[in-house]
Amino acid sequence: MIRGTMATAFVTHADCLKHEMGAYHPERPERLTAIEDQLIASGIGQHLVRYEAPLATDEELARVHPLEYVRAIRDAAPEEGTVHLDPDTAMNPHSLRAALRAAGAAVLATDLVMRGEADSAFCSVRPPGHHACRARPMGFCIFNNVAIAARHARHAHGVERVAIIDFDVHHGNGTEEIFQNDPHVLMASTFQHPFYPYSGTDDPAPNMVNVPLAAGAGSRQFREAVLESWIPALDGFKPQLVVFSAGFDAHAEDDMAMLRFSDADYAWVTQQVKGVADRHAGGRMVSMLEGGYSLSALGRSVVQHVRVMAGLAG
Ligand SMILES: [Zn+2]
C-alpha cells in the first residue's frame with residue numbers, strides 16, 4: 001500500500017458469476033469481470049485488499065427480511081433450469097448461493113470497516129439489492145444488501161446512525177420501504193423520474209432525501225442535487241457509517257435509462273460523500289454494487305468510485 005492511502009477492501013466471490021437469469025439478461029456475470037478488468041488495467045486493483053464473501057446467515061437476513069420470505073426464496077431455488085420470481089428476476093441453480101454471498105459481502109464489509117481492519121470496502125457482487133422489499137424480490141434483486149449492511153452495523157456494532165447513499169438511476173424502492181421513518185437511517189438518493197420503479201416521489205418520509213431527475217439530466221443537475229439536498233441533510237444527520245447503493249446505470253453510455261452522468265461524476269460524488277464520512281464517521285464507507293449495464297462504462301465508473309474511496313490519485 002502507498003503511504004498516505006487508505007486500506008480499501010474488495011469483497012467478491014466466484015459464486016456471484018454463476019447466477020444467470022437468461023442469455024440476454026442485462027444483469028449478467030460479465031459485469032463483474034468488466035469491473036475486475038478495469039481495476040487491473042487502471043492499476044487500482046493492486047492497492048485493494050481482497051476478501052471472499054461469506055454466505056449470509058438467517059439471523060443476518062432476518063434483520064431485514066421475514067424468515068418466511070427467506071424460506072420461500074430457498075424453496076424457490078431450482079435444482080435445474082430457471083425459475084422466475086418476477087418478470088425481471090430469475091433464479092438458476094446457483095442464484096441462491098450468489099444472493100447469500102452478496103448479502104454476506106455486506107456483512108463482512110461492515111465488520112471490516114467497523115473493526116478498523118479496513119477504512120472502506122467495495123463489494124463487487126450480484127444479484128444487486130436495492131429493489132428487494134422486506135418480503136418481495138423485484139427488479140433483479142433478491143435480498144436487500146445495503147439494508148442488511150445497515151442493520152448489521154446497528155445490531156452487531158451498535159451504530160446508531162447509518163447514511164445510505166443511492167445514486168443508481170432507478171429509485172431504491174426496497175430500501176425506502178425497509179427504512180422509511182426509521183430514525184437510525186437517512187437515505188439520500190437521486191434517480192430518473194418518471195421511470196421504473198415509479199416510486200420515491202409520493203410524499204417520502206422525512207428520513208428520505210429523494211431527488212428525482214428528469215430524463216436527459218447530467219452532471220450539472222446531479223451535482224446540484226448532491227450539494228443542495230444531500231450534503232446539508234447528511235451533515236445534519238451526522239452518520240457514523242456511510243453505505244453506498246452504488247449503481248452506475250445513470251452513466252451517459254448506459255442505455256438502460258436516460259440520465260447522462262460521466263466517469264468524473266462518480267469520482268466527484270464519492271469525494272463529496274467521503275467528506276461527510278470523514279467529518280462524522282471516521283471515514284467509514286461500505287459500498288455495494290447495484291446496477292450498471294454498459295460493461296465499459298461500469299468498469300471505468302467503479303474505478304473512479306473506488307479510487308476516491310482508497311485515496312488514490314487519478
Ligand atoms: Zn438501476
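**Figure 1. Crossing of helix 1 and helix 9 in the predicted model.** Helix 1 spans residues 30-42 and helix 9 spans residues 295-309. The axes of these two helices come within 8 Å and cross at roughly 50°. Helix 1 and helix 9 are therefore oblique to each other. Their crossing is right-handed.

**Figure 2. Residues at the contact between helix 1 and helix 9.** From helix 1, the residues that take part are Glu30, Arg31, Ala34, Ile35, Gln38, Leu39 and Ser42. They meet Leu295, Ser296, Leu298, Gly299, Arg300, Val302 and Val303 of helix 9. Sorted by class, this contact of helix 1 with helix 9 comprises 7 nonpolar, 4 polar and 3 charged residues.

Figure 3. Is Asn173 buried or exposed? Its relative accessibility is 11%, and a residue under 20% is classed as buried, so Asn173 counts as buried. When neighbours within four places in sequence are left aside, Asn173 is in contact with His130, His131, Cys133, Met138, Pro197 and Ser199.

**Figure 4. The aromatic pair of Phe167 and Phe248.** The count of aromatic pairs in the model comes to 10. One of them is formed by Phe167 and Phe248, with 5.6 Å from centre to centre and 65° between the planes. This pair is edge-to-face; the class applies to planes over 60 degrees apart. Phe167 lies in the loop between strand 6 (162-166) and helix 6, whereas Phe248 lies in the loop between strand 9 (241-246) and helix 8 (263-280). The pair therefore ties together parts that are 81 residues apart in sequence. Both Phe167 and Phe248 are buried.

**Figure 5. The cluster of aromatic rings that includes Phe167 and Phe248.** Which residues do ring pairs link into a cluster? The members are Phe167, Phe222, Trp230, Phe244, Phe248, Phe261 and Tyr266.

**Figure 6. Arg71 in helix 3.** Helix 3 consists of residues 67-76, and Arg71 is found in this helix. The relative accessibility of Arg71 is 48%, so this residue counts as partly exposed. Arg71 and Val107 are 36 residues apart along the chain, and their C-alpha atoms are separated by 20 Å.

How values were computed. Residues are numbered from 1 along each chain as its sequence is written. This is a predicted model: local features need pLDDT of at least 70, side-chain atom pairs count only at pLDDT 80 or more; totals for chains, interfaces and linings use all residues. Side-chain values use heavy atoms; hydrogens and water are left out. Axes are lines fitted to C-alpha atoms, for helices over the stretch in contact, and angles run from 0 to 180 degrees between N-to-C directions. Helices (H or I, at least four residues) and strands (E, at least two) are DSSP runs, numbered from the N terminus. Angles under 35 degrees count as roughly parallel, over 145 as roughly antiparallel, 65 to 115 as roughly perpendicular and the rest as oblique. A crossing is left-handed if the near helix is turned anticlockwise from the far one by less than a right angle, and right-handed if clockwise. Contact means heavy atoms within 4.5 Å. Ala, Val, Leu, Ile, Met, Phe, Trp, Tyr, Cys and Pro count as nonpolar, Asp, Glu, Lys and Arg as charged, and the others, Gly among them, as polar. Buried means under 20% relative accessible area, exposed over 50%, partly exposed in between (1.4 Å probe, protein chains only). Rings of Phe, Tyr and Trp (its six-membered ring) pair if their centres lie within 6.5 Å; planes under 30 degrees apart count as stacked, over 60 as edge-to-face and the rest as tilted.
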